Amino acid sequence: PQGYYRQLPKLKNSGLEGYPRIFAVARALIRFNDARIDPDRTERFVNAYQEVHPLTMGEIWAFPTMLRLVVIETLVYGVAQILEEPVAQELPPPVSVSEETPAENLVANSIVALRTLAVQDWKAFFESVNVVEQVLSSDPARVYHHMDFDTRDQYRKVVEKLALATDRPEPAVAQESIRLAKRAPSNDGASPRTWATNA
């Protein structure tokens, strides 16, 4: 959706100026792996990127779509190279065709990658790389970790809305909520779930 797309952080100084930052991350991953998708390697790649630039929750949810877009872009580019047909494009090629990565391999890798993307558990991926998820999992009552996915997602959406409203990073909002939870008085005799609900 356009509103969702507008909220994605955009690049300012690069060959992809004006494009979503997460699109550039997807392009970098595809280029680095010659259009191959390996779930474990993808997770390590995203976590390594976030050591310098943490991604927003919106960016992580957009990542699968961006990967599909770049893989299709690579597939078109590879087919055009095989057919020796020019490709009208405003961006640099998504990958470099060389002796190490011939166009035929790019096409084959892209087709396999699309199949891999279709069966990937993106909910599990999201929670494995999301910084806010890691922060909220440290709640003092140890309740968050035992919630189901939809309930955890409701908590994350509140963090996301507060971050947008206050122009603060999402991890900072999550950390503040955990700090306040640790300072809250305990309810003697109440279960952790009751405590968390009433806090």
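This is a predicted model: local features need pLDDT of at least 70, side-chain atom pairs count only at pLDDT 80 or more; totals for chains, interfaces and linings use all residues.
Side-chain values use heavy atoms, with hydrogens and water left out, and residues are numbered from 1 along each chain as its sequence is written.

**Helix pair.** I looked up helices α3 (residues 39–50) and α6 (residues 122–129), whose axes come within 10 Å and cross at roughly 35 degrees; helices are DSSP runs of H or I with at least four residues, numbered from the N terminus, and the axes are lines fitted to C-alpha atoms over the stretch in contact, with angles from 0 to 180 degrees between N-to-C directions. On the α3 side I found Thr42, Glu43, Val46, Asn47 and Gln50 in the contact, and on the α6 side Phe125, Ser128 and Val129, where contact means heavy atoms within 4.5 Å.

**Cavity.** I then searched the whole structure and found one cavity of 30 Å³ or more, taking a cavity as a set of points on a 1 Å grid over the protein atoms alone where a 1.4 Å probe fits but cannot get out. The largest cavity holds about 40 Å³ of space, the volume being the space filled by probe spheres set on the points, which are joined across faces, edges and corners. Its lining, counted as residues with an atom within 4 Å of a point, consists of Ile37, Pro39, Thr42, Thr116, Leu117, Gln120, Trp122 and Phe125, and α3, α5 (103–119) and α6 each supply at least two of the lining residues.

Conventions: On a 1 Å grid over the protein atoms alone, a cavity is a set of points where a 1.4 Å probe fits but cannot get out, and a pocket is an open set with protein on both sides within 12 Å along at least five of seven lines; lining residues have an atom within 4 Å of a point.
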